[in-house]
Amino acid sequence: MDAVPVAFELMEASATAALEARGIVKRYGEREALRGVGFSVHSGELMAVIGPNGAGKTTLLTILAGIARPEEGEVHLPNGDVGWVPQQAALYRRLTVEENLLLFARLESHEDPRASVEEMLELSGLSDRRGELVARLSGGNQQRINIAIGLLSRPVVLLLDEPSVGLDPRQRARLWQFVSTLAERGTTVIFSTHDIQEAERYGKQLLVLADGESLFQGTPEELRDAVRREAPEAASSDFETAFVAFLHHRGH
Amino acid sequence: MRWLLLKDLQILRRSPLQATLLVVYPVLIALLVGFAISRDSDKPRVAFLNEVPADSRVSVGQTELPSINVDDRICGRVECVNVDTREEAEEEVRSGNVLAALVLPGDLVDQINSLSTQNPGTPTVEVIVNEEDPVKAQLVDDRISSLLAQANLVIAKRIAKEGGKFLNLVLNGGSFEVIGQSVEILGLRASAQILQALRPSLPPGALRESLDQVIRFTVLSRSNLDVGGVLISRLTQPIAVDKQVVSASTPPLEIFAIAVAATLTLTFVVVLLVAGSLALEREENAFPRLTRGLVSRSGLLGEKIGLGIAVGLVVTLLLLAGLELFVSLEWGRFGLWLVAILVGGAAFGAAGAALGAAAREVRTVSLLAFMVSLPIAFLSLIPSGAIGGGLYDVIEVVTALFPFKPSLRAMTAALDSAGPGIGGPLLHLAALTVVYAALARLALRRFAVV
Ligand SMILES: Nc1ncnc2c1ncn2[C@@H]1O[C@H](COP(=O)(O)OP(=O)(O)OP(=O)(O)O)[C@@H](O)[C@H]1O
Ligand SMILES: [Mg+2]
């Protein structure tokens, strides 16, 4: 597949943190969804957030996106905007694919909204279905539009909540290729996923959450080491099985 | 079956709002309808002032009729609020505490008595009404005419009966009491017989011809007076009504009907549209995406209310244009129509936004909009005085909290050139707009995140 065209301005990759979170606590009534989570990502880095259901991944991303407010802790974003792609598609189902994209391109005050729409249609591979109502699209295709809209904000940090769910292998590959290109050009990408292999392959940094606690932050290699150390009995199994054993050892 | 039933009950228990509505709403509607039917058609409240001296009696000729006991008769038909002065009566009417006031002036009986004299007067009762809306005016008119018809019927029957006695006396003769003394009256029938008997004893000539004339007269009178008896029994409407209108701002009924139609249209179009489209933002998960820097929450509210006003304006104007086919409207007042629709639309829009922000799904919101708007519109159309004072006060307060009644007033004022000013209702609507917009803004804070 050809390189995906992108319109984002080149950003100088620097070693400074593009986003930093410290001691984040989020409560829903009695339940603590996050208990003091902190991390930092550098510009152009891809960070995967993994962990079991209800670990707090979505909660963390919505806080980073500025939608939810944490009870404690702070988020540092030195410059620029955060783009956000929610887990549940945020689209107008009674508008067509093209109308959805055009609306958000206009709201983002793009100079040439129509050009941005073309670009995103091309990117999502839905050019030939531009005139169709979103409600008629398959779940995977809706997800493609969902992501494309998140990209319209040309963010410095892009947050993707389980972006590959429901995508076919070809679309997945396309998505990650596009995301990698973004990262190469300086966009920081934080994504959550339940696919450990995906996290390992694309994430330069991994953040492991369980029950609102941050269990690990580091590179995939470092996680492998930690897993080998803490769950030696599963060291010979595949990474996913080893990861589950690791969580088990940590009491989750 | 059993498990399905259990499941439904469990779900119902988990949705307290739905469960409460399910119970409260039908009860509320039932009470409303019950009240409307019973109170409205049963006994309207009427202030009653009887200035007639207690010992005066209606008399026919020299016979006094037994007391008719006006108070009981009237107060059996309406709920009487007894007042002592005319001012008090007027005040009761103006405040809407009563539908109308009935004043029986002190000379009423004298006037009625004068009916049987050479110089008949016009006995008049005074009615004070407050015709703030034409539905009410009609209601009052109906009540007055039926009350009056009843009173007239009573008096007419008495008069006819007494009058009939006299006629009978004149026709057939008999005895008749005057100040304790019995007087014998010959009667026309007997007179004619006597004259007939006398006739042969008179010699033919001028004298006999004169007698023949007298005989013809008595016979003719008898038959004519027989007819007179029938006429007397047909005596109607001896009492006239002097109707005083306290605040006469009644628009013609058809203008009022148009105002009601226009306001109802505006209500449903704007409330449903604004509430629904705001709830849709949430249902489509778009709300967080939008409010992350793309649009401010207040901006979003403004957009929805603006949408409601624009569509409400178009639909309401279309309705008015359509009605123009049947009734002619004063298009010269178009500017005022616009103002009434725009300001009313803003208030409905803000109320719809508050509703849309408070509820979760479009379907719930639409249902709620109907459930709230219909009874409010219904309550707003109840005329004052048609129901008990305390209850009416409650209704006044409740309807003042929603934009329907002020919007209806503004619409009526805009359509009716003879109507009251539009300023008051507009101010009322503006205040409601501010309050509801603030409520909506507050509710948006709670809009769920993802
Ligand atoms: N609006 C809410 N009200 C109450 N509790 C909530 C709310 N949103 C999330 N939670 C709770 O916070 C915790 C974290 O939820 P979150 O959605 O962040 O998990 P997650 O890691 O994204 O899970 P998944 O992998 O299933 O998407 C869960 O226990 C969840 O029940
Ligand atoms: Mg999640």
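**The chains and their contacts**

Of the 252 residues in chain A, 52% are buried, where buried means under 20% relative accessible area, exposed over 50%, and partly exposed in between, with a 1.4 Å probe and protein chains only. Before going further, I note that this is a predicted model, in which local features need pLDDT of at least 70 and side-chain atom pairs count only at pLDDT 80 or more, while totals for chains, interfaces and linings use all residues. Residues are numbered from 1 along each chain as its sequence is written, chains are lettered from A and ligands numbered from 1 in the order in which they are written, and side-chain values use heavy atoms, with hydrogens and water left out.

Chain A has 8 helices and 9 strands; these are DSSP runs, helices being H or I with at least four residues and strands E with at least two, numbered from the N terminus. Among chain A contacts (heavy atoms within 4.5 Å) between residues at least 6 apart in sequence, 67% join residues at least 24 apart.

Chain B has 16 helices and 9 strands. Buried residues account for 42% of its 450 residues. For contacts in chain B between residues at least 6 apart in sequence, the share joining residues at least 24 apart is 76%.

Let us turn to the aromatic rings. How many aromatic pairs does the structure hold over all chains? There are 8, counting rings of Phe, Tyr and Trp (its six-membered ring) with centres within 6.5 Å; planes under 30 degrees apart count as stacked, over 60 as edge-to-face and the rest as tilted. One of these is the stacked pair of Y92(A) and F104(A), at 6.4 Å centre to centre and 20 degrees between the planes. Y92(A) lies in the loop between strand 5 (82–85) and helix 2 (97–107) of chain A, and F104(A) in helix 2 of chain A, so that distant parts of the chain, 12 residues apart, are linked. Y92(A) counts as buried because its relative accessibility is 10%, and F104(A) is buried with a relative accessible area of 1%.

A further pair joins W176(A) and Y202(A): their ring centres are 4.7 Å apart and their planes at 15 degrees, so this pair is stacked. W176(A) belongs to helix 5 (residues 169–184) of chain A and Y202(A) to helix 6 (residues 196–202) of chain A, so the pair ties together parts 26 residues apart in sequence. W176(A) is buried, at 2% relative accessible area. Together with F191(A), W176(A) and Y202(A) form one aromatic cluster.

F104(A) also meets chain B: the charged end of R289(B) sits over the ring of F104(A), 5.9 Å from its centre. The criterion is NZ of Lys or CZ of Arg within 6 Å of the ring centre and within 35 degrees of the ring normal. Likewise, R224(A) lies over the face of F239(A), at 4.6 Å from the ring centre.

Finally, the metal. Which residues coordinate the magnesium ion (ligand 2)? They are T58(A), through OG1, and Q87(A), through OE1, at 1.8 to 2.3 Å; donors are N, O and S atoms within 2.8 Å of the metal (3.2 Å for Na, K and Ca), and sites may look incomplete because water is not among the atoms. T58(A) is partly exposed at 24% relative accessibility, and Q87(A) is partly exposed at 35%.
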